[in-house]
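Welcome, and please open your viewer. We will go from stop to stop, selecting a few residues at a time and looking at what surrounds them.

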Amino acid sequence: MSAKHPIISITGSSGAGTTTVKETFGKIFSREGVTAAFIEGDAFHRFDRQAMKQRIAEEKAQGRDFTHFSAEANELEILESVFEEYGRRGRGRTRHYIHDEDEAERYGAAPGTFTEWQEFGDTDLLFYEGLHGCAVTDKVNLARHGDLKIGVVPVINLEWIQKIHRDKAARGYSTEAVTDTILRRMHDYVHYICPQFSHTDINFQRVPIVDTSNPFVARWIPTPAESILVIRFANPRGIDFPYLLSMLHDSYMSRANSIVVPGDKLDLAMQLIFTPLIHKLVERKRRMA
């Protein structure tokens, strides 16, 4: 953690909805005049798409699964060095993983490859969004670097529905291919993704209130209005719950550190919760300057 160069980490698995949270933070930064350096977890994959396919095949031949959720498939030591350097000097480096043809045209390289590493700095804060922002292993402790750590955690069936629909629509995968990926990732999901949500400051968990019993045949993703949000604060001290309850109609407290909010109020809830927290980080930074 660094008062002078704060770091915000958004952590969630593939299909969890971290991109939506990133977009909301972008609105807050723009409105409040905060400059942020954005880095994405995919930039720290260890292998490009072709090399990853080859490694998966090699591991499968040995009866093992190998997935992007695991520490071995990612450059977590490099990511931690970026966090450490930014916290110390306000500078760092990142690159971009090219997902599709649109990004290939934008970056001038083939889908499934990486851009070159580039330096960044001169910002109010660093914003990470990806799989491993709060990962703790025997080699790295990324959670200790974050000044504000947020988990995005739909219940598992909803997470799978979102991933299946996204990967089919945006990446052209079949339901069977996405299902195979979900199954291969289960061990790593349990050991590398879930533990991070015990290190976060705030978790947003979306819970559908419609039937999602079989996510592999679901024709639609439950809408925000068909969901509720469970928002958990690791340390509720200083959180103005009466104000949140008054501003978020039909919300209620389920525990002393948790508030339940209608799903279609996600953006408003994040605006109300995060704006004062970002103000505190930036004000503390400026006092240290």
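Helices (H or I, at least four residues) and strands (E, at least two) are DSSP runs, numbered from the N terminus. This is a predicted model, in which local features need pLDDT of at least 70 and side-chain atom pairs count only at pLDDT 80 or more, while totals for chains, interfaces and linings use all residues. Residues are numbered from 1 along each chain as its sequence is written, and side-chain values use heavy atoms, with hydrogens and water left out.

**Stop 1: Y86**

Select residues 76-89, which form helix α3, and pick out Y86 within that helix. Is Y86 buried or exposed? Buried means under 20% relative accessible area, exposed over 50%, and partly exposed in between (1.4 Å probe, protein chains only). Y86 has a relative accessibility of 0%, so this residue counts as buried.

Now show its contacts, where contact means heavy atoms within 4.5 Å. Leaving aside residues up to four places away in sequence, Y86 touches H5, P6, I7, R91, F120, T123, D124, L125 and L126.

**Stop 2: T94**

Move to strand β3, residues 91-94, and select T94. With a relative accessible area of 13%, T94 is buried. Which residues does T94 touch, not counting those up to four places away in sequence? They are F38, I39, A43, F44, E116, W117, Q118 and F120.

**Stop 3: aromatic rings**

A pair of aromatic rings is described by the distance of the centres and the angle of the planes. Rings of Phe, Tyr and Trp (its six-membered ring) pair if their centres lie within 6.5 Å; planes under 30 degrees apart count as stacked, over 60 as edge-to-face and the rest as tilted. How many aromatic pairs does a search of the whole structure find? The search finds 15.

Select F38 and F127: their ring centres are 5.3 Å apart and their planes are at 55°, so this pair is tilted. F38 sits in strand β2 (residues 36-40) and F127 in strand β5 (residues 125-130), so the pair ties together parts that are 89 residues apart in sequence. F38 is partly exposed, with a relative accessible area of 37%, whereas F127 counts as buried at 0% relative accessibility.

Next, select F69 and Y189. Their ring centres are 6.1 Å apart and the planes meet at 40°, so this pair is tilted too. The pair links distant parts of the chain, 120 residues apart: F69 is in the loop between α2 (49-61) and α3, and Y189 is in helix α6. Both F69 and Y189 are buried.

Finally, colour F25, F29, F38, F127, F204 and F274, which ring pairs link into a cluster.

**Stop 4: α1 and α8**

Select helix α1 (residues 18-32) and helix α8 (residues 266-288), which pack at an angle of about 50° with their axes 10 Å apart. Axes are lines fitted to C-alpha atoms, for helices over the stretch in contact, and angles run from 0 to 180 degrees between N-to-C directions. Angles under 35 degrees count as roughly parallel, over 145 as roughly antiparallel, 65 to 115 as roughly perpendicular and the rest as oblique. The helices α1 and α8 are therefore oblique to each other.

To see where they meet, show T20, V21, T24, F25, K27, I28, F29, R31 and E32 in α1, together with L266, D267, M270, Q271, F274, T275, I278 and H279 in α8.

**Stop 5: α5 and α6**

Select helix α5 (residues 156-171) and helix α6 (residues 175-193): their axes come within 10 Å and cross at roughly 135°. On the α5 side the contact is made by I156, E159, W160, K163, I164, D167 and K168, and on the α6 side by T175, V178, T181, I182, R185, M186 and Y189.

**Stop 6: two aspartates in loops**

Select D122, in the loop between β4 (118-121) and β5. Its phi is near 55°, a positive value in a residue other than glycine. D122 counts as exposed, at 70% relative accessibility.

End at D250, in the loop between α7 (241-247) and β9 (252-255). D250 is not a glycine, although its phi is positive, at about 70°. With a relative accessible area of 54%, D250 is exposed.
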